[in-house]
Amino acid sequence: MSAQTTMPYPMRRMLEYLDIDIERGIELLPTEIQDSFRRCRRCDRFDTCDYNVESRYFQCPNRELLDRLEDLLN
């Protein structure tokens, strides 16, 4: 649960948009999820990412992890 509280808002929006179970993702890939939080916070699109999640997905520095989570959870 502590990982969810430190999750950047744009990352949370992206996971919700992709319909990825956040808690299950954290259980499956805890280290990768923590790394993705850091990448998200350092992203130059951090402040605008949550406004247009669909188009930002293709530019997301965590896209590889998001695709991997989608494959694991679906």
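These legends describe close-up views of one predicted model. Residues are numbered from 1 along each chain as its sequence is written, and side-chain values use heavy atoms, with hydrogens and water left out. Because the model is predicted, local features need pLDDT of at least 70 and side-chain atom pairs count only at pLDDT 80 or more, while totals for chains, interfaces and linings use all residues.

**View 1**
The structure holds 1 cavity of 30 Å³ or more. A cavity here is a set of points, on a 1 Å grid over the protein atoms alone, where a 1.4 Å probe fits but cannot get out. The largest cavity has a volume of about 110 Å³; a volume is the space filled by probe spheres set on the points, which are joined across faces, edges and corners. Its lining numbers 13 residues, where a lining residue has an atom within 4 Å of a point. C40, C43, C49, C60 and P61 lie nearest the centre of the largest cavity. The lining divides into 9 nonpolar, 2 polar and 2 charged residues. Nonpolar covers Ala, Val, Leu, Ile, Met, Phe, Trp, Tyr, Cys and Pro; charged covers Asp, Glu, Lys and Arg; the others, Gly among them, are polar. Helix 2 (residues 9-17) gives the most to this lining, with 3 residues. Helices are DSSP runs (H or I, at least four residues), numbered from the N terminus.

The structure holds 0 disulfides, a disulfide being a pair of cysteine sulfur atoms within 2.5 Å. The sulfur of C40 has its closest cysteine sulfur in C49, 6.2 Å away, which is too far for a bond. C49 is in no disulfide either. For C49, the nearest cysteine sulfur is that of C60, 6.0 Å away. C40 is buried at 8% relative accessibility. C49 is also buried, at 13%. Buried means under 20% relative accessible area, exposed over 50%, and partly exposed in between (1.4 Å probe, protein chains only).

**View 1. The buried face of helix 2.**
P10, M11, M14 and L15 are the buried residues of helix 2. Seen down the helix axis, they fall within an arc of 135°, so they line one face of helix 2. The arc is that of the directions from the helix axis to the C-beta atoms. An α-helix has 3.6 residues a turn, so residues three or four places apart point the same way. The buried residues of helix 2 pack against helix 3 (22-28), helix 4 (30-42), helix 5 (53-57) and helix 6 (63-73). E16, also in helix 2, is partly exposed at 49% relative accessible area. E16 and V53 are 37 residues apart in sequence, with 9.8 Å between their C-alpha atoms.

D19 sits in the loop between helix 2 and helix 3. Its phi is near 60°, a positive value in a residue other than glycine. D19 is exposed, with a relative accessible area of 64%.

**View 2. The two sides of helix 6.**
L65, L66 and L69 are buried in helix 6. Their arc, seen down the axis, is within 100°, so they line one face of helix 6. E64 and D71 are exposed on the other side. The buried residues of helix 6 pack against helix 2, helix 3, helix 4 and helix 5.

**View 3. R68 and its contacts.**
R68 belongs to helix 6 and is partly exposed at 41% relative accessibility. Leaving aside neighbours within four places in sequence, R68 is in contact with L29 and E32. Contact means heavy atoms within 4.5 Å. R68 and G25 are 43 residues apart in sequence, yet 9.8 Å apart in space, C-alpha to C-alpha.

N62 is found in the loop between helix 5 and helix 6. N62 is buried, at 2% relative accessibility. Not counting residues up to four places away in sequence, N62 touches M11, S36, R39 and C40.

**View 4. R38 in helix 4.**
R38 has its place in helix 4. Its relative accessible area is 39%, so R38 is partly exposed. R38 and P8 are 30 residues apart along the chain, and their C-alpha atoms are separated by 8.7 Å.

Note on methods: On a 1 Å grid over the protein atoms alone, a cavity is a set of points where a 1.4 Å probe fits but cannot get out, and a pocket is an open set with protein on both sides within 12 Å along at least five of seven lines; lining residues have an atom within 4 Å of a point.
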